[in-house]
Amino acid sequence: MPKHIVITGASRGIGYAIADILAQGDHKLTLIASKLTSFHDKHPSIGYFAADFSSFDSIDIVSDQIISQLEHVDVLINNIGMYTGKTLADTEKEDIQHQMNVNFCGPAYFTHRMLPLLRKGTHPQIINISSIAAKTALPGVSAYAASKAAVTGFSNSLRAELNPEGIRVSVLHLSGVNTWNDHNTQSLLAPDDIAKTIQFMVNADSRYLIDDMTIRAV
Ligand SMILES: NC(=O)c1ccc[n+]([C@@H]2O[C@H](COP(=O)([O-])OP(=O)(O)OC[C@H]3O[C@@H](n4cnc5c(N)ncnc54)[C@H](OP(=O)(O)O)[C@@H]3O)[C@@H](O)[C@H]2O)c1
């Protein structure tokens with residue numbers, strides 16, 4: 001059954017791969033990136049939007065635009081994120097704030113704004129992209145790990161809040177995904193692997209809830 005699916009961070013990397021695979025179904029896609037020019041080869045049946053997810057004002061503007069164009073949302077995929085691989089000693093105060101804003105505060109507020117549309121959806125789903133850094137002690141990523149731990153805690157509490165009204169909330173913890181053309185691909189997942197997992201989740205029977213999944217390369 002075709003679904004209305006909103007994907008953030010969809011111009012490149014994992015978000016692009018998710019949009020690409022879901023576009024092969026009959027789904028109606030709404031894609032967001034930081035700038036409209038980040039999208040290449042635009043398809044006429046896809047909705048493209050831009051917002052700076054470090055700014056609540058920008059999220060308000062894009063949310064109003066989406067609400068004016070869509071009657072409902074069936075699936076929200078909160079994929080937007082940014083990564084700063086730095087030890088805390090090398091992390092400036094602006095970096096700490098920016099990572100928390102882009103990775104957690106922005107997606108949490110966007111989810112809040114999309115809730116009225118999700119409540120009108122059919123078997124609605126929210127799929128949040130977190131990282132194994134939220135669960136595993138990795139050096140050199142302390143601020144990033146904290147922002148992703150916020151995504152994980154947010155997702156698990158939100159699931160308990162929204163399950164009673166039939167909205168499913170999933171969180172995926174990913175190890176390294178090759179979004180930067182690394183040639184040492186053995187230790188990395190491919191964006192397509194994540195996209196296929198999400199394709200399964202979107203098309204799975206509505207009685208299924210994948211609450212918390214970790215995907216890593218072995
Ligand atoms: N790659 C990995 O190894 C890995 C591992 C674990 C988890 N993850 C998570 O997976 C998700 C996707 O990662 P990725 O590697 O595919 O990222 P990516 O290739 O860097 O792409 C990031 C996407 O987010 C958008 N974006 C970034 N900052 C934004 C902002 N301030 N406002 C609006 N849009 C913004 C970008 O839009 P523009 O193109 O317009 O900049 C782009 O579409 C993230 O949540 C990341 O933390 C990634």
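## A walk through the pockets and the ligand

If you'd rather go by elements, look at α1, α3 (93-119), β5 and α4, which each give two or more residues to the lining. Sorted by class, the lining of the largest pocket comes out as 17 nonpolar, 15 polar and four charged residues. Keep in mind that what you're looking at is a predicted model.

So what takes up the space of the largest pocket? That would be the ligand. Around the ligand, the elements giving two or more residues to the shell are α1 (13-22), β5 (125-131) and α4 (142-162). Which of the elements provides the largest share of that shell? It's β5, with three residues.

Now zoom in on the ligand itself. It has 28 residues around it, and S11, I14, S34, S38 and V177 come nearest. By class, the shell splits into 12 nonpolar, 12 polar and four charged residues.

I14, one of the residues that come nearest, has a polar backbone atom 2.8 Å from an oxygen atom of the ligand. With Y144, it's the side chain that takes part: an N or O atom there is 2.8 Å from an oxygen atom of the ligand. D52 pairs up with a nitrogen atom of the ligand instead, and here the distance to an N or O atom of the D52 side chain is 3.2 Å. How much of the ligand's accessible area does the protein cover? On its own the ligand has 900 Å² of accessible area, and the protein covers 87% of that.

There's one more stop, the second largest pocket, with about 350 Å³ of space in it. Seventeen residues line this pocket, and those closest to its centre are L31, D41, H43, I46 and Y48. Two elements give two or more residues to this lining: α1 and β2 (28-33). As for classes, the second largest pocket is lined by nine nonpolar, five polar and three charged residues.

How values were computed: Residues numbered from 1 in each chain as written. Predicted model: local features only at pLDDT ≥ 70, side-chain atom pairs only at ≥ 80, totals over all residues. Heavy atoms only, no water. Near = heavy atom within 4 Å. Polar contact = N/O pair within 3.5 Å; in protein donor to acceptor, adjacent residues only side chain to side chain. Areas by Shrake-Rupley, 256 points an atom, 1.4 Å probe, with all protein chains shown as cover. 1 Å grid on protein atoms, 1.4 Å probe; cavity = no way out; pocket = protein on both sides within 12 Å on 5 of 7 lines; lining within 4 Å. Sits in = over half its atoms within 2 Å of the grid points. Helix = DSSP H or I, 4+ residues; strand = E, 2+ residues; numbered from the N terminus. Nonpolar A, V, L, I, M, F, W, Y, C, P; charged D, E, K, R; others polar. Points joined across faces, edges and corners; volume = space filled by probe spheres on them.
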